[in-house]
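Here is a short briefing on how one protein chain is put together.

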Amino acid sequence: MQRLGRPERHFDAIHIGGTNGKGSVAVLVYEALLAAGIRAALYTSPHLVDVRERMVVDGRAITPEAFAAWTAQLQHDVEHSGASFFEATTAIAFADFAARGAEVAVIEVGLGGRLDSTNVVTPVVSAVTNVGQDHAEYLGESLEGIAREKAGIAKADTPFVVGEADAALAAVLRRTAEEAGARVVMLPADATYAGPLALRGAHQRRNAALAEAVLAALPEGLCVPPRAVRRGFAAARLPGRFDCRGKWIFDVAHNTEGTATLLDALAQMGPPRPVHALVGILRDKEWPQMLRQVAARVDRLWATVPPSAPPERAWDLAAVRRAAPAAIVEADFEQALADVQRGAATVVVTGSFHTVGDAVARLPGFAPLR
């Protein structure tokens, strides 16, 4: 940031963390800002197909030319410092947002919070959706410890909105934020949004209630009237999150909580049967439990390995065969994608971002950027 002239100081930031739902909350807040006539930016991760999906200003992703130019400018610093891919893309996003004149940027935390690359911003509002078990290799096994890491985005004299419904974990988030001097806003455990909402699933009503609370906590100079909230929430869409397109349902349920939420939404929807599922999960997730969760609720299940998954993180299909004998194990992703469609009234594609992204990229007209 210093090398780029501190671009993160050229716009107001809204910082959204949490285990699940943070991308949904971020896009809801962003769309409401746009509906209020504010030039807003959105930084999310990971992407499904194209890295440029992560960096959007006023409805437009960063251009290939701009992404290439910022990469070239930063190449020496990235290589010299050993910066990670996420550190580099965060720097590019913030530089792009400043260059394109964003007034407000809605920024999704990548991992954790306290030590996340995005935590270089000093936000006008920050929030945590919830706390679940994920990224244990970085954040530890204790939910209380994970909560403290996620509350590390709280800043002094700044609203910090807590969306966690579990009283014990919400108390950890509150205490950690108050220690940092933040002004804590607690979302009631039963809060849901009752207005029109494009995002599907009962869980999105909770996410929308949190997004509404974030918008209400903005400083006076950033007024988002109720009509803009309604219009923005009715327009908000997030590819890959219970994303229904014809007979296809795409959902990046990449942990046990996310899988349970997907299956609850599927039960509420009652899609046409038979329901087939294409599943690919990374080996460092709790995949046996996730696989059993999905297998119990669909008519047939194909387990595969998405081509974009890093080989060292791809799950072991021999272990999958042992854990789920009823699953159809197909190592060839293209073949699995073709097979899962046959005879299906509904096809669910879930697991990692790699699985959903690789499927979307191979289906005509489905890619987020074209």
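Two strands pair if DSSP finds at least two bridges between them. β6 and strand β7 (residues 159-162) meet that rule, with 3 bridges joining them, and they run parallel. Note that this is a predicted model.

**The sheet**

- The sheet is open and has 8 strands. Their order is β4-β3-β2-β5-β1-β6-β7-β8, and the pairing is mixed.
- β4 (60-61) and β8 (183-186) stand at the edges. Each has a single partner strand, so one side of each has no neighbour in the sheet.

**The nonpolar cores**

- In soluble globular proteins, nonpolar side chains tend to be buried together.
- The largest nonpolar core here has 42 residues. Ile14, Leu33 and Phe233 have the most contacts inside it.
- Elements giving two or more residues to this core are β1 (12-17), α1 (22-35), β2 (40-43), β5 (104-108), β6 (125-128), α7 (202-216) and α8 (226-235).
- α1 supplies the largest share of this core, with 8 residues.

**Phe233 and Tyr193**

- Which residues does Phe233 touch, not counting those up to four places away in sequence? They are Leu28, Ala32, Tyr193, Pro196, Leu197, Ala198, Ala208, Ala211, Glu212 and Leu215.
- There are 8 aromatic pairs in the model.
- In one of these pairs, the rings of Tyr193 and Phe233 have their centres 5.0 Å apart and their planes at 70°, so the pair is edge-to-face.
- Tyr193 lies in the loop between β8 and α7, and Phe233 in helix α8, so the pair ties together parts 40 residues apart in sequence.
- Tyr193 counts as buried, at 5% relative accessibility. Phe233 also counts as buried, at 0%.

**Other aromatic contacts**

- The ring centres of Trp287 and Trp315 are 5.6 Å apart and the planes are at 85°, so this pair is edge-to-face.
- The tryptophan pair links distant parts of the chain, 28 residues apart. Trp287 is in helix α10 (residues 287-295), while Trp315 is in the loop between β12 (300-303) and α11 (317-323).
- Trp287 and Trp315 are buried.
- One aromatic cluster is formed by Phe11, Tyr43, Phe86, Phe94 and Phe97.
- Arg245 lies over the face of Phe366, at 5.2 Å from the ring centre.

**A buried loop residue**

- Thr44 is placed in the loop between β2 and β3 (55-57).
- Is Thr44 buried or exposed? Buried means under 20% relative accessible area; Thr44 is at 10% relative accessibility, so it counts as buried.
- Leaving aside neighbours within four places in sequence, Thr44 is in contact with Glu53, Arg54 and Glu108.

**An enclosed helix**

- Why is helix α13 (residues 353-362) described as largely enclosed by the rest of the structure? The reason is that 7 of its 10 residues are buried.
- The buried residues of α13 are Phe353, Thr355, Val356, Gly357, Asp358, Ala359 and Val360.
- Their cover includes β10 (248-251), β11 (275-280), α12 (333-341) and β14 (346-351).

How values were computed
Residues numbered from 1 in each chain as written. Predicted model: local features only at pLDDT ≥ 70, side-chain atom pairs only at ≥ 80, totals over all residues. Heavy atoms only, no water. Core = buried A, V, L, I, M, F, W, Y, C linked by side-chain atoms within 4.5 Å. Buried < 20%, exposed > 50% of the residue type's maximum accessible area, 1.4 Å probe, protein only. Helix = DSSP H or I, 4+ residues; strand = E, 2+ residues; numbered from the N terminus. Contact = heavy atoms within 4.5 Å. Phe/Tyr/Trp six-rings, centres within 6.5 Å; stacked < 30°, edge-to-face > 60°. Lys NZ or Arg CZ within 6 Å of the ring centre and 35° of its normal.
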